[in-house]
Amino acid sequence: MEQIILLCLASTFLSAVHAQKFLYSPKWGPVGYKEREEYDGTAMDEIIKANEFQASRIIDGTTSLREGDIAVSHGRRSKVCFARSCLWPKSVDGHVYVAYKLSPEYSEMETKLIKKGMESVEKGTCVRFLPWTHQRDYVDIQPKSGCWSYLGARGGRQTVSLQSPGCLRVGVISHEFMHALGFVHEQSRFDRDNYVTIMWPNIWRDRLRNFEKFKTESLDLPYDYGSIMHFGMYAYSQDGEPTIIPKNSQNSKDIRLGQASALSHIDKMKINRLYKCGINDDN
């Protein structure tokens, strides 16, 4: 009898191990996420992981997610936001103040992480986040399902979703605030094909639209492989093979795509140029 029980326990254990491998294997894992021991993930990898596990591409009846984490309301032109109407207003003191309201559901530690993400955007730029008091336009930070933001200033209250705990990483938080400031993903640039090759056969078929490109203003800045807004090399891979490969470089394997925890120097230059911060690009 004891032998039968031991055999049953061993069988159950092996089945659980097999199921875990099945759930997290490259072939059967969550769409767009692949664990790789030799690959350091990016902010977008964490966003994909959180959103594919927990979030729907349809937020509600009128709003859906594009490119994995950009909230778009149907009937609104919110894709390209380099137009003046999409910018947060600039104060007479030269700063761009973005008011925010923070959900009381966040713990003290989670609140500190969110503020660190804000500080990453503020450092070296003229953007300043301040607690909401009476401002008409503000971001409402909520632990909803997944990590996502609308693009640019929409007017009035606009949600930034930072689910706990999956989205509460400094790089992810900074990434979503960059969307709120009006920036799309780096590989969405209209000229991206000069710098990267999109490996279409390696992408999950129902996520191909996440790799579209748009006529956005480059602000006369170079393509930024290391941007906090760049997809990782294996984003939305269906077979564990790269979906984005740097081109025109003899050392393409040494080029890191994306950023895990902080804005790149060029990311800060983008903010300063778009909002005409008057801060030297060398800072």
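This report covers the annotated residues, a set of paired strands and the aromatic contacts of a predicted model.

Residues are numbered from 1 along each chain as its sequence is written, and side-chain values use heavy atoms, without hydrogens and water. Because the model is predicted, local features need pLDDT of at least 70 and side-chain atom pairs count only at pLDDT 80 or more, while totals for chains, interfaces and linings use all residues.

## Annotated residues

The unreviewed UniProt entry gives "active site" for Glu176. UniProt positions follow the numbering used here, feature names are shortened, and annotations may be inferred rather than shown by experiment.

Glutamate 176 sits in helix α4 (residues 170-181). Histidine 179 is in helix α4 too. Histidine 185 lies in the loop between α4 and β8. Helices (H or I, at least four residues) and strands (E, at least two) are DSSP runs, numbered from the N terminus.

Buried means under 20% relative accessible area, exposed over 50%, and partly exposed in between (1.4 Å probe, protein chains only). Glutamate 176 has a relative accessible area of 0%, so this residue is buried. Histidine 179 is buried at 0%. Histidine 185 is buried, again with 0%.

What does each residue touch? Contact means heavy atoms within 4.5 Å. Leaving aside neighbours within four places in sequence, glutamate 176 contacts Ile47, Asp69, Cys147, Trp148, Ser149, Val160 and Leu162. With residues up to four places away left out, histidine 179 touches residues including Asp69, Ser149, Tyr150, His185 and Met229. On the same terms, the contacts of histidine 185 include Glu67, Asp69, His175, His179 and Phe231. The side chains of histidine 185 and aspartate 69 make a polar contact at 3.0 Å. A polar contact is a pair of N or O atoms within 3.5 Å; within protein, one must be able to donate a hydrogen and the other to accept it, and residues adjacent in sequence count only if both atoms are side-chain atoms.

## Strands around β2

Two strands pair if DSSP finds at least two bridges between them. Strand β1 (residues 63-66) pairs with β2 in the antiparallel sense over four bridges. Serine 64 has valine 72 of β2 as its bridge partner. Three residues lie between the strands of this hairpin, where glutamate 67 takes a positive phi near 55 degrees. β2 also pairs with strand β6 (residues 147-150), in the parallel sense over two bridges. Here alanine 71 stands opposite tyrosine 150 in β6.

In a regular strand the side chains alternate between the two faces of the sheet. In β2 (residues 70-73), Ile70 and Val72 point one way and Ala71 and Ser73 the other, and all are buried.

## Aromatic rings

Rings of Phe, Tyr and Trp (its six-membered ring) pair if their centres lie within 6.5 Å; planes under 30 degrees apart count as stacked, over 60 as edge-to-face and the rest as tilted. The count comes to nine aromatic pairs. Two of them are tabulated.

| Pair | Centre to centre | Angle between planes | Class |
|---|---|---|---|
| Phe211 and Tyr236 | 6.1 Å | 80 degrees | edge-to-face |
| Tyr223 and Tyr225 | 5.2 Å | 70 degrees | edge-to-face |

Phenylalanine 211 and tyrosine 236 are both buried. Trp200, Phe211, Phe231 and Tyr236 form one aromatic cluster. Tyrosine 223 is buried at 7% relative accessibility, and tyrosine 225 is buried at 18%.
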